[in-house]
Amino acid sequence: MSIPKKCEMPDMSHVASGRSVGWYEASARQRVRLLLDAGSFEEFIGPEQREISPHLKVFDLPTQFDDGIVVGRGRIAGAPVFLAAQEGRFMGGAFGEVHGAKLTGLLRAARDIKSVPVLILFDTGGVRLQEANAGELAIAEIMRALVEARMAGVKVIGLIGGRAGCYGGGGLIAGCCSALAVSEQGRISVSGPEVIETNRGVEEFDSRDRALVWRTMGGKHRRLLGGADAFSDDTIQSFRDTALQLIESAPAFGAGVLKAEQARLEERLQRFGACADAIDIWSAEGVSDAQAVPALPAEQFIALADKVWRPRHDAR
Amino acid sequence: METLSYRHKAQERAAGSKSLAIIGVVASGNLEVMVERVLPDTECQVDINTAAEGFAAVWEAVVADFVERRSTGGLKLSINDGGARPDTVALRLAQAVRLIEEDER
Amino acid sequence: MTLDDILASLFPEGHDVKHDDGLLLGSGSLRAGGRAVVVGVTGRTALGVDEAIRLSRHVLDAMERGGTSPILVLVDSDSQRMSKRDELLGLNEFLAHLAKCLIYADMQGRQTVGLLYGHSAAGAFLATALATRTLVALPGAEPTVMDLPSMSKVTKLSIDVLKEKAKSTPVFAPGLDNLAQTGGVLAIWDEKGSLAKRLEALLNQAQNRGDQRDRLGKIRNGRPKAADIAERVHDLALLSE
């Protein structure tokens, strides 16, 4: 077994370098490189290992050398972190056998080491349908490994703001994290808009109504609802700052957290279970001009959200 | 799926000392190029995996042009192609070489 | 086997499991003594926020009472409830919370056993059956991650073509055998004979602490890569500075 090499990251010369780069537009590798301290990243099972999916050939689909996820270790502000970044543009960032196993192994290592937090840069449509059973089991194993890591005292922070959102089983993994940061572009949901429309009709959910999609599943709603702990601007710098804050403040995990989460979710159902739309929920939370929320720029939105509801850091 | 491979004599060794670089994403109209410094300085190889069959002649031409314009000695370039146009391929090949010639960070 | 038959066979000493709006909540007497907590979904009910919160409440109440009674999760569900309301209210959190409760209970020494006796799919499957340490099934159970008609629509391949491809690999098509071969289902129980006996044997087995599903998938040749990839990443991480 050879010593792992540092994998140099690409520098897209036509994109402004530095952390003002947009999160949404960046590739997984760009996010990793720019999020972490310069030159600190060491990749585990990098692309040169060519651990590709064995299951795409039968569908005549091309593979990617890293199977759509970059995992490894680096530093943020000098402190070590483990990190996994999904590439949302490869197969929709979906979980396949190899892709999922890389994250499972990382979380199991974090569980055993105990002292290094994990950042998961979600960008996923959920299970990769060409490998549906393997993808689903990978997600189940990831959830188990994540809870084991949290039980060992590890903070697992999810960052959500990419093109594919955080859908399906990805949404369940996100719900297992210690804390979540989401940007305006981020979406978190179990069923996607098209799937709801296909199954229940356009009256139930018009998947082409982008404003509806974002009110229901998007980053601002998740922050206001309490489905995410922090709202980030769509820049690497903002996600970096937020990640550092959440590593600091995220709760230890145990029975108390689960009880508090049960109470938090029961209260949510009581307060908002009859609301027809996010606008109604935001109004009920005391937002005076709920209709204006979608257009609010990030800084103003963050100030508003902090007034409405500060996340309890012990109920996720 | 089609697999193609082209080996060329290189005019010049690719500058720098980095041994690995990668650019691009496997998606519709896009491709990833991984470049490894693993060959003798006078050799360059380009391996391609593509779902778009029947374009060998185009690949051959793009690769030949690339090898002629750039210093590619010592480099093995491995491509996973999602159906990119020739100009996108040429761009990624050039980006890949520029990356591996960069200083270590 | 009907649900009542299943419960009677699992708990010949008696049980108090109630069906309530598609949910199963209660407990059953174990032959060796003590009781098992029972939660579940029945009648192919979809798992939405209202259902998930009740199941997690039952699990947490059991943990609050103390002890190490095992938890049996019986599953005949639809997928997660597909609705605007459920997503609006944060269904991912409710399903994740249920899974966390089950996983936590297991890690605290209460063995969690899933028994799939009907259907399940996608998010509901993840939050219930797949959140247990050990998952067994009765013949005729139909776990589905992705149904072939949906897959056909997305891939633009006909169902016949998909079925043909499914002959060479267990990784994508629905079905109990595929979920068993990929390591998700430990065993398919013969429904003749006592389920209580089988449950007892399962609970008595020396339990390896740790998720064995990927290893099982490798042994059964259903997931040839997952266990090795996870192990390699794990070992590299431990070596890293």
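Visitor: How many residues does the contact take from chain C and from chain A?

Guide: In this predicted model, 66 residues of chain C and 74 residues of chain A take part in the contact. A residue counts here when its C-beta atom lies within 7 Å of one in the other chain.

Visitor: Which element gives the largest share of the side of chain C that touches chain A?

Guide: That is H4(C), with 13 residues. Other elements of chain C that give two or more residues include helix H2 (49-65) and helix H11 (226-239). By class, this side of chain C divides into 36 nonpolar, 17 polar and 13 charged residues.

Visitor: What makes up the contact between chain B and chain A?

Guide: Chain B supplies 21 residues and chain A supplies 20 residues. S2(B) gives the most to the side of chain B, with four residues. That side has 11 nonpolar, five polar and five charged residues.

Visitor: Which residues touch the most other members of the largest nonpolar core?

Guide: They are A:Leu106, A:Met143, C:Leu95 and C:Ala99, in a core of 195 residues. Helix H3 (residues 132-151) of chain A gives the most to this core, 12 residues. Beyond its neighbours within four places in sequence, C:Leu95 has contacts that include A:Leu172, A:Val190, C:Leu47 and C:Leu126.

Visitor: Why is strand S4 (residues 118-122) of chain A called largely enclosed?

Guide: A residue is buried if 20 or more other C-beta atoms lie within 10 Å of its own. Five of the five residues of S4(A) are buried, so the strand is largely enclosed by the rest of the structure. A:Val118, A:Ile120 and A:Phe122 point one way, A:Leu119 and A:Leu121 the other way, and all are buried.

Visitor: What makes S4(A) and strand S5 (residues 156-160) of chain A a pair?

Guide: Pairing needs at least two bridges. S4(A) and S5(A) have five, in the parallel sense, and therefore meet the definition. A:Val156 is the bridge partner of A:Val118. The chain crosses from S4(A) through H3(A) to S5(A) in a right-handed β-α-β crossover.

Visitor: How many bridges join S3(A) to S4(A)?

Guide: Four, with the strands parallel; A:Ala84 stands opposite A:Ile120. With helix H2 (residues 97-113) of chain A, S3(A) and S4(A) make a right-handed β-α-β unit. By contrast, S2(A) and S3(A) pair in the antiparallel sense over eight bridges.

Visitor: Why are the buried residues of helix H11 (residues 298-308) of chain A said to line one face?

Guide: The buried residues are A:Phe301, A:Leu304 and A:Ala305. Seen down the axis of H11(A), they fall within an arc of 100 degrees, so they line one face of the helix. On the other side, A:Glu299, A:Ala303 and A:Lys307 are exposed. The buried residues pack against helix H7 (219-225) and strand S9 (230-232) of chain A.

Methods. Residues numbered from 1 in each chain as written. Chains lettered and ligands numbered in written order. Predicted model: local features only at pLDDT ≥ 70, side-chain atom pairs only at ≥ 80, totals over all residues. Core = buried A, V, L, I, M, F, W, Y, C linked by C-beta atoms within 7 Å. Buried ≥ 20, exposed ≤ 12 C-beta atoms within 10 Å, placed from the backbone. Contact = placed C-beta atoms within 7 Å. Nonpolar A, V, L, I, M, F, W, Y, C, P; charged D, E, K, R; others polar. Arc of directions from axis to C-beta. Right-handed = clockwise from strand over helix to strand, strands pointing away.
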